[in-house]
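Hi,

Here is the structure I promised to pass on to you. My notes follow below it.

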Amino acid sequence: MLILDEKEIMSFYNMSHCIRDIGSMLKQKAQGSIISPPRTVIESKETNGSALYMPNLDTYEKVMSMKAVTIFPDNPSVGKSTTQGVLLLSDAEDGTHLALLNASYLTRLRTGAISGLATDLLAQRDAQTLLAIGTGGMAFEQVLAVLEVRPISRIMLFNPTTDKAYAFMQKLRDFGIDPEIEVEVHTDVNAVVPQAEIICCSTRSSTPVFKGEDIRPGTHVNGVGSYLPEMREVDFEFIQRADKIVIDDFDGATHEAGELIHANEQDGWSYSDLHGELMDMVNGKVEGRQSEEEVTFFKSVGAAYFDSAAAIGVYKEAKKENRGTSVEI
């Protein structure tokens with residue numbers, strides 16, 4: 001069995017790899033090759049944390065996976081990561097355990113890659129202005145994914161704690177994004193929302209993080225931070241304004257996407273108004289953006305088959321490049 005830690009995975013597997021692998025997996029999923037039972041979520045309210053357990057079987061690749069990830073937003077205050085996870089890959093034909101991977105980076109990367117695929121299909125082709133609302137653990141790969149698919153020239157950052165936004169800006173520079181890209185920290189989200197062509201929301205907020213009325217025509221929004229029924233990153237007005245709402249996974253979104261659950265309980269919107277799943281767009285079953293004026297929303301809560309696609313991609317690259325530590329179990 002191969003053991004792969006986060007640092008090593010990051011050294012050879014990046015956003016472009018992950019977008020490619022998830023796109024390929026979604027084409028196979030349309031053929032019925034994925035079996036993904038509902039994930040189990042355990043909340044630890046006393047410690048403001050959550051644990052998620054996510055199994056998957058890919059009959060095309062003949063690989064089973066199980067990811068266990070914990071999300072503890074207060075961890076940075078004691079020097080620990082918000083998101084921590086491991087993922088076990090097993091051979092679906094004989095049960096041999098193939099690899100144990102650190103899944104914290106993979107979780108962030110696959111979430112970014114999913115948004116990247118959606119952004120490529122839903123955002124205006126020449127969109128250049130990105131607003132990141134929330135600069136926590138999941139936000140960095142959201143920005144990298146948008147940079148992968150659109151010619152961004154200006155990145156606006158908003159976080160309730162301004163110091164974290166400035167640290168995020170420095171992290172982008174240290175990573176090596178194009179130095180020609182303007183990166184700005186803002187303290188008034190209402191002032192910058194109307195300027196954005198793409199917005200990425202990566203918060204655990206229980207109340208909307210911007211006003212739907214402030215969105216300019218043609219804007220695309222990715223929402224990835226809220227993953228429990230009581231969480232809401234966008235308001236009902238925005239849901240009503242959106243011409244197309246696309247989700248990553250129907251079962252997950254209808255059980256865990258708080259903003260959609262809330263909207264479904266109001267008059268004037270229901271799940272039947274959804275445009276489709278990301279898989280539907282990738283495979284051409286439904287259209288992506290069709291006009292410059294459309295307001296579009298991609299809502300992601302995650303699903304085990306996305307993690308599996310990324311992990312299989314890592315495993316293949318590791319075998320090809322002779323990476324990882326081999327152990328007997």
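For the charges, Lys and Arg count as positive and Asp and Glu as negative, while His and the chain ends are not counted; each charge is placed at NZ of Lys, CZ of Arg, CG of Asp or CD of Glu. On that basis the protein chain has 30 positive and 49 negative side chains, and the centres of the two sets lie 3 Å apart.

Please bear in mind that this is a predicted model, where local features need pLDDT of at least 70, side-chain atom pairs count only at pLDDT 80 or more, and totals for chains, interfaces and linings use all residues. Residues are numbered from 1 along each chain as its sequence is written, and side-chain values use heavy atoms, with hydrogens and water left out.

Now the overall picture. The C-alpha atoms fill a box of roughly 55 × 45 × 40 Å along the principal axes. Of the 329 residues, 56% count as buried (under 20% relative accessible area, 1.4 Å probe, protein chains only).

On to the interior. A nonpolar core here is a set of buried Ala, Val, Leu, Ile, Met, Phe, Trp, Tyr and Cys residues joined through side-chain atoms within 4.5 Å. The largest one has 66 residues, of which Y13, I22, L26, L89, L101 and I155 touch the most other members. Helix α11 (residues 304-321) gives the most to this core, with nine residues; helices are DSSP runs of H or I, at least four residues, numbered from the N terminus. A second, separate core has 32 residues, including V193, F238, I247 and A257.

Enjoy exploring!

Note on methods:
Buried < 20%, exposed > 50% of the residue type's maximum accessible area, 1.4 Å probe, protein only. Helix = DSSP H or I, 4+ residues; strand = E, 2+ residues; numbered from the N terminus.
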